[in-house]
Amino acid sequence: MGKSNRGNDIILASIDAFSRTNYEKATTALLAREAGIAEGTLYKYFPSKKELFLACCRYIEDLLIARYDAIYQEHRNEPLEYLKRVSSSYTNFVRENPSMRKFLAFVLNNIFDEDFRRELEDFINLNIRATEHMLRKGQEMGEIRKDLDPRIVAWFYVGAYFTLILMTEMDADEFEDPDFVDKYLNILQLEEAKRPAEATPDGAKAGYEDGLFATLKKAGPANNAVRGG
């Protein structure tokens with residue numbers, strides 16, 4: 001088995017272990033046992049429990065970003081459809097991955113740790129910037145209401161990531177509604193009453209040929225949404 005595959009196996013086993021216990025109770029001995037390896041082997045891949053925990057964070061974040069960028073490649077010139085599909089994709093992710101959703105909730109609950117906070121900030125900022133970009137594009141195209149503040153709407157949109165986790169963990173009946181995503185987006189009241197006959201030509205004003213999230217990552221943390229810079 002390759003080193004990268006073994007590393008991923010350790011990460012997946014650790015996500016499950018962290019989600020069932022907590023950061024303090026999940027000792028490196030427990031994490032190694034869950035991964036089916038010796039504790040000494042664990043340290044060959046991750047120098048500390050904190051580094052392993054952060055690697056788990058990034059693994060989940062990368063899974064989500066890969067989903068969103070795939071949607072962007074298909075719907076880059078349909079901002080409203082992009083937002084709907086990202087919402088549906090995340091909703092399915094939360095439903096299908098109980099250990100990962102619990103892990104994300106745990107990260108949110110432990111932002112008193114500066115390293116955990118920074119990791120979460122980077123992920124949230126990236127999502128807010130991507131959402132704000134698509135909202136502004138939708139406003140330019142006439143798909144999304146121009147009287148909305150894109151930054152504030154982006155905050156509510158991304159903040160719902162954790163609301164969905166809470167709804168799932170509390171077995172909210174509303175979350176099982178097949179029209180849940182449409183009803184949620186109706187609350188935000190994004191859509192213009194009328195749409196223009198023609199959309200922006202493919203590639204026009206896009207500027208994100210390599211993928212929305214990849215481009216924003218390369219651009220760095222400009223206009224940091226969390227710290228308000």
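Helices (H or I, at least four residues) and strands (E, at least two) are DSSP runs, numbered from the N terminus. The model is predicted, so local features need pLDDT of at least 70 and side-chain atom pairs count only at pLDDT 80 or more, while totals for chains, interfaces and linings use all residues. Residues are numbered from 1 along each chain as its sequence is written, and side-chain values use heavy atoms, with hydrogens and water left out.

Start with helix α4, residues 49-75. The axes of α4 and helix α6 (residues 98-108) come within 11 Å and cross at roughly 120 degrees. Axes here are lines fitted to C-alpha atoms, for helices over the stretch in contact, and angles run from 0 to 180 degrees between N-to-C directions. That angle makes α4 oblique to α6, because angles under 35 degrees count as roughly parallel, over 145 as roughly antiparallel, 65 to 115 as roughly perpendicular and the rest as oblique.

Contact means heavy atoms within 4.5 Å. On the α4 side, Phe53, Cys56, Cys57, Tyr59, Ile60, Leu63 and Leu64 meet Met100, Phe103, Leu104, Phe106 and Val107 of α6. This contact has 12 nonpolar, no polar and no charged residues. Ala, Val, Leu, Ile, Met, Phe, Trp, Tyr, Cys and Pro count as nonpolar, Asp, Glu, Lys and Arg as charged, and the others, Gly among them, as polar.

Helix α4 also meets helix α10 (residues 212-219), where the axes come within 7 Å and cross at roughly 120 degrees. Here Asp62, Ile65, Tyr68, Asp69 and Tyr72 in α4 touch Leu212, Phe213, Ala214 and Lys217 in α10. The classes are six nonpolar, no polar and three charged residues.

Next come the spaces. On a 1 Å grid over the protein atoms alone, a cavity is a set of points where a 1.4 Å probe fits but cannot get out, and a pocket is an open set with protein on both sides within 12 Å along at least five of seven lines; lining residues have an atom within 4 Å of a point. Grid points are joined across faces, edges and corners, and a volume is the space filled by probe spheres set on the points.

The largest pocket holds about 240 Å³. Its lining has 14 residues, and Asp122, Phe123, Leu126, Arg129 and Lys217 are the closest to its centre. Helix α7 gives the largest share, six residues.

There are two cavities of 30 Å³ or more. The largest cavity, of about 50 Å³, is lined by Cys57, Glu61, Leu104, Val107, Glu119, Leu120 and Phe123. The second largest cavity has a lining of seven nonpolar residues, to which α7 and α8 (150-169) each supply at least two.
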